[in-house]
Amino acid sequence: MAQKLWPWRSLFLLIPGVNSSKKQMCFDWGPGEMLVCETSFNKKEKSETVPGCPVIYIIRKDVDVYSQILRKLFNESHGIFVGLQRIEEELTGKSRKAHHFIFCRLVRVSKNYRSVIRACMEEMHQVAIAAKDPACSRQFSSQVSILSAMELIWNLCEILFIEVAPAGPLLLHLLDWVRLHVCEVDNLLADVLGSENPRKHESFWKLVTILVLQGRLDEARQMLSKEADSSPTSAGMCRILGDLMRTMPVLSPGTTQTLTELELKWQHWHEECERHLQDGTFASSPHLESLCKIMLGDEAALLEQKELLNNWYHFLVTRLLYSHPTVKPIDLHFYAQSSLDLFLGGESSPEPLDNILMAAFEFDIHQVIKECSIALSNWWFVAHLTDLLDHCKLLQSHNLYFGSNMREFLLLEYASGLFAHHSLWQLGVDYFDYCPELGRVSLELHIERIPLSTEQKALKVLRICEQRQMTEQVRSICKILAMKAVRNNRLGSALSWSIRAKDAAFATLVSDRFLRDYCERGCFSDLDLIDNLGPAMMLSDRLTFLGKYREFHRLYGEKRFVDAASLLLSLMTSQIAPRSFWMTLLTDALPLLEQKQVIFSAEQTYELMRCLEDLTSGRPVHGEPDAQRLQDDDIETTKVEMLRLALARNLARAIIKEGSLEGS
């Protein structure tokens, strides 16, 4: 049975058809998933039986990476993350004024993250509305709740940890926070004002009450003026309450007013509100009297509006606004805890979201991160929030016992989840890059597991590895691609990849395939590649032979017979040529031996004769296998006889020519 952790989060996943009470479970972890199946063993019986569930279930660790809308969140936030890392470089050697500028940029980065969350939330909301399947609609609505909670938490952390607002503006920031996340009032306001007679609208007083609860007193006064215009009996009361709203002291940003002055003014204003209430100024209007009690910060009056407040943190901010407007950050958690207790009233237990917000009000950053890591369904939120807080120098003292810090640990977990996706893995590379301790090792381990399904994808992976001097991974990828090319009989591509991998053994194997292909077809494929091997031909003896043998054919085609003959002989005498290819080389020498002019000298002819005798006698050369099969092959025997005859004639001609040259 699934354990409820949040309305949209479960620790356990039900697998259909698997009964863990009867069968033992077998599982195995993969890079981003877990394989689960039943074994053939009963728990209660010792005898083996046939498994009742012969299916392997794949449980993914990070299912959110497969959501198309959330993928936009991952893609957009990746650019913000990379930009944030570059801010660190700008800090070096900067003045205090420049550091203030960097701080402003950090606040802007935080707002950019929130805007990305909100954009995804709005898109998800539209998809949920448009979904025809009720199950899909519920799933999307659940994702909307997740994103809404993420923005709520991030915004509060931005206010408390990043902006670090002083006492007066702190309350204003919290008011903005509540107004942003309790936005139903705007729709209600439009609905009431759009009616023929707003004052007679059924939600008129509900709207006014919500405006007062959110501290939107100017708008509340405007609504009261409509009540005053249409009801002469309550006009005086509306005017008095409107004046109280107008004169309420508030510390605005940029003001020179001190907290002491604000407290004195607020105390006088509070006493005036209380005097009107005690004098019964609003006794004839329960609605106005209730509003006056709210403005006095009366807890009972506030708790009567539970349905309009929606949640305890709205209750907290309203309570602070009308009871403790100059609250100091250090005292915030006391009011937060008491507000939570009062609002819940012992009727229910705090949800994980409540615990996270409470940890934030206690300024316990690490507890916020811990609670979010447990409650949220992926690592995106905690990884990016922790990274931002780390750049604000708020996590410098928190290192983990296994050698990494909290920022790096969470980034590694998030990047690992990205690598489970067929395209998002490219984003994960940058996250690993910015983890100085374990990022390189983690990247090497994960990049080896990427399935190279297409050559285009393989080239992307290869480029990433080459940019980071990951030699072993480059060699491994090139070998994999070379093997695929060989299996598809694309010898040119295979040779190119083996050269790129600097794999001498595989280059030798591919070179042998080229030579075998030449023997069967009588011509070379991929001539451009072989002609332009350059220094790469030195990777292996066989590759060198392939390049030089192709050069022999080129010289022969250009009718540079002397150069061709010298190269052919050197290939045999230097032992570069494989013994199995000697007969082919000797056969290639036949046209040169039959030329009108003498190409091979007497000494060269003797060398060719020695090679032929070595080949036909079956004596091994440098440990290579002999060629006994030649003695039984009629065709080869004919070739040998032709070669012996051609060599004898060429030797005679060469001796005569050399003798005549000496005589002259």
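Arg-554 and Glu-558 form a salt bridge in which the closest N and O atoms lie 3.5 Å apart, a salt bridge being a side-chain nitrogen of Lys or Arg within 4 Å of a carboxyl oxygen of Asp or Glu. Arg-554 is partly exposed at 33% relative accessibility, and Glu-558 is likewise partly exposed, at 42%; buried denotes under 20% relative accessible area, exposed over 50%, and partly exposed the range in between (1.4 Å probe, protein chains only). A network of salt bridges links Arg-554, Glu-558, Arg-560 and Asp-563. The structure is a predicted model, in which local features need pLDDT of at least 70 and side-chain atom pairs count only at pLDDT 80 or more, whereas totals for chains, interfaces and linings use all residues. Residues are numbered from 1 along each chain as its sequence is written, and side-chain values use heavy atoms, with hydrogens and water left out.

The count of salt bridges comes to 21. One of them joins Glu-123 to Lys-72, with the closest N and O atoms 2.7 Å apart. This pair connects distant parts of the chain, since Glu-123 lies in helix α2 (residues 96-130) and Lys-72 in helix α1 (residues 68-91), 51 residues apart; helices are DSSP runs (H or I, at least four residues) numbered from the N terminus. Glu-123 is partly exposed at 28% relative accessibility, as is Lys-72 at 41%.

A further salt bridge, between Arg-199 and Glu-227, has an N to O distance of 2.7 Å. Arg-199 is located in the loop between α5 (184-193) and α6 (204-213), and Glu-227 in helix α7, 28 residues apart. Arg-199 is partly exposed, with a relative accessible area of 29%, whereas Glu-227 is buried, with 5%.

Helix α7 (residues 217-230) packs against helix α8 (residues 232-247) at an angle of about 165 degrees, with the axes 8 Å apart. Axes are lines fitted to C-alpha atoms over the stretch in contact, and angles run from 0 to 180 degrees between N-to-C directions. Helix α7 is therefore roughly antiparallel to α8, a term applied to angles over 145 degrees, while those under 35 degrees count as roughly parallel. The contact (heavy atoms within 4.5 Å) includes Leu-217, Leu-224 and Glu-227 of α7 and Cys-238, Leu-241 and Met-245 of α8.

Helices α19 (residues 425-433) and α21 (residues 455-467) pack at about 5 degrees, with their axes 12 Å apart, and are therefore roughly parallel. Trp-425, Gln-426 and Val-429 of α19 meet Lys-457, Lys-460, Val-461 and Ile-464 of α21 in this contact.

Technical notes:
Helices (H or I, at least four residues) and strands (E, at least two) are DSSP runs, numbered from the N terminus. Angles under 35 degrees count as roughly parallel, over 145 as roughly antiparallel, 65 to 115 as roughly perpendicular and the rest as oblique.
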